Amino acid sequence: MLIDVRFSGGKRTEFGTHDYEQVLLSSLDRFRHRITQVFLYIEDINGPKGGVDKQCRCVLHLRRMPPVVIQDQD
């Protein structure tokens, strides 16, 4: 399973790329045989102004199925 973590629109938090990968691996381990790729996009949609402005989108590519997209903003 390939995992790709991407950040845009702001600086990374102290929670590094490796930590995001470990959380994804532990969360998705049960479905590992069905997942081929995972893309995690973390975006600061409001710039450096502060406040609630982070968007996270996770795209799961599955075997013989269309991709699953999970998205939230906080």
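This is a predicted model: local features need pLDDT of at least 70, side-chain atom pairs count only at pLDDT 80 or more; totals for chains, interfaces and linings use all residues.
Local features need pLDDT of at least 70 and side-chain atom pairs count only at pLDDT 80 or more, while totals for chains, interfaces and linings use all residues. Residues are numbered from 1 along each chain as its sequence is written, and side-chain values use heavy atoms, leaving out hydrogens and water.

Let's start with confidence. The chain has a mean pLDDT (the predictor's confidence in each residue, from 0 to 100) of 86, and 84% of its residues reach 70 or more. Strands here are DSSP runs of E with at least two residues, numbered from the N terminus. Confidence is lowest in strand β1 (residues 2-8), with a mean of 88, and highest in strand β4 (residues 68-73), at 94.

Now to the cysteines. Searching the whole structure for disulfides (pairs of cysteine sulfur atoms within 2.5 Å) turns up zero. For Cys56, the nearest cysteine sulfur is that of Cys58, 6.7 Å away. The table gives their accessibility, where buried means under 20% relative accessible area, exposed over 50%, and partly exposed in between (1.4 Å probe, protein chains only).

| Residue | Relative accessible area | Class |
|---|---|---|
| Cys56 | 32% | partly exposed |
| Cys58 | 10% | buried |

Gln55 counts as buried, at 18% relative accessibility. Leaving aside residues up to four places away in sequence, Gln55 has contacts (heavy atoms within 4.5 Å) with Tyr41, Ile42, Glu43, Ile45, Gln71, Asp72 and Gln73.

Definitions and conventions. Helices (H or I, at least four residues) and strands (E, at least two) are DSSP runs, numbered from the N terminus.
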